[in-house]
Amino acid sequence: MLHVYAILFSTAHLIASVHAFHQPATTPSWQQQQQSTGLRQQTSTTRPHLRSSSSSSSQLRLAKRRVTPTKKSRKKKKQQSLESLLELELDLHDRGYRYVIGSDDSGGAGCIAGSVVVASCCLLKPHSSFLPITATSSKNKAGSSSSSLSSFLPISATSSKNKAGSSSSSLSSSSEESLVSPSDMEALAKVNDCKELTPTQRQEIYDIIHSHPEIFAITVAHRSPKEIDDINLTRATQEAFAESIETLVERNELPFEEVYAIVDGKVSPKLYASRRVQYDSPEDMAAAELEQQEQQTSSKVFSVRPYVNGDAHVYTVALASVVARVARDAMMQELDKEYPMYGFSDHAGYGRRDHIETLHRLGSLEGVHRMSFKQVKGH
């Protein structure tokens, strides 16, 4: 009998063991949870530098996100004063450069139709002959006298007394020597980047410049859409820059040593590149060495430099920007008369949305649109 009870007890114990093995893990007791929490707290206190490093790096990333803007701010450029526009030219005058040429283009990047137009402008008379300023003569390093600005006067300036006690009229006396009327003088004093001026202001300044050739020497050059397609926009623009500057210097017979040209942009044009002799072999170059030296001596290139946003910082470049803009607008007005459905007088050939939609509806115009441009291809 005892033997039977022993067998039953061992069988029940075996069944209980198998049942416990197949049961899921039970949740830890309250004491076990407290022990586990204390262990985690102890671990975190033994390695505080890791936690602080992680938090500081995340804070740094957040700070960078706050400081660094996602988009560039498009604030309107501050309009420069007349004094700042003339500063570079006056400095060049003091260095012996009597004729400062400013050049700018219109219809370059952003346009998909029409020519690119380049204008150059040079002042043949002192600033005081057409601007509300007074000029005093000073001597430069070479010992030659040059004019510099002593003061910038308001349009309604009156006579004043100098240190010696003698009265000297500011604008009233300068207006007698001025070559332009007071109204024209006021308009020329407001010259700035053409984009900062209204169409009416641009046209007024353009008319004043053309009516006074004794003060303003100007030339205009352009490259057609076909020429732009053949040699690309950058090269076509640089060739127009060179042509405009060279023509102005030669037409007015300006001495090279007294000429300094400033071009709006990042690149200066290669002047007189068409006159440079190209040789196929070293033998030909050696044979024509003497002739080449004579050509280089006779066609010495004057100083020229690029100036980013020069139309907003240099007076003659600002004048050139106005001339180029008005000249190109006139060309687009003529195209608008010939093709009224395209709205050239409105968008001026730029790749605006309405212009692109017109291309989708009507197609491109051979000789008017720049066929090599991405927005025009396929239309």
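Let me start with Ile-356, which sits in helix α14, residues 353-362. Helices here are DSSP runs of H or I with at least four residues, strands are runs of E with at least two, and both are numbered from the N terminus. This is a predicted model, in which local features need pLDDT of at least 70, side-chain atom pairs count only at pLDDT 80 or more, and totals for chains, interfaces and linings use all residues. Residues are numbered from 1 along each chain as its sequence is written, and side-chain values use heavy atoms, with hydrogens and water left out.

Back to Ile-356. Setting aside neighbours within four places in sequence, Ile-356 is in contact (heavy atoms within 4.5 Å) with Ile-112, Gly-351 and Gln-375. Its C-alpha atom is 9.9 Å from that of Tyr-342, a residue 14 places away along the chain.

Next, Ser-106, in strand β1, residues 99-106. Is Ser-106 buried or exposed? Ser-106 counts as buried, because its relative accessibility is 6%. Buried means under 20% relative accessible area, exposed means over 50%, and partly exposed is in between, with a 1.4 Å probe and protein chains only. Beyond four places in sequence, Ser-106 touches Ser-115, Val-116, Val-117, Ala-324, Arg-325 and Arg-328.

Now the core. In soluble globular proteins, nonpolar side chains tend to be buried together. A nonpolar core is a set of buried Ala, Val, Leu, Ile, Met, Phe, Trp, Tyr and Cys residues joined through side-chain atoms within 4.5 Å. The largest one has 34 residues, and Phe-130, Leu-188 and Tyr-315 are among those with the most contacts inside it. Which helix supplies the largest share of this core? That is α12, with nine residues. Outside four places in sequence, the contacts of Tyr-315 include Leu-82, Phe-130, Leu-131 and Leu-188.

In α6, the buried residues are Asp-184, Met-185, Ala-187 and Leu-188. Seen down the axis of α6, the buried residues fall within an arc of 160 degrees, so they line one face of the helix. The arc is taken from the directions from the helix axis to the C-beta atoms.

Last, a helix pair. The axes of α7 and α12 come within 9 Å and cross at roughly 105 degrees. That makes α7 roughly perpendicular to α12, a label for angles of 65 to 115 degrees. The axes are lines fitted to C-alpha atoms over the stretch in contact, and angles run from 0 to 180 degrees between N-to-C directions. Residues that meet there include Ile-205 and Tyr-206 in α7, and Leu-319 and Val-322 in α12.

Key:
Parallel < 35°, antiparallel > 145°, perpendicular 65-115°, else oblique.
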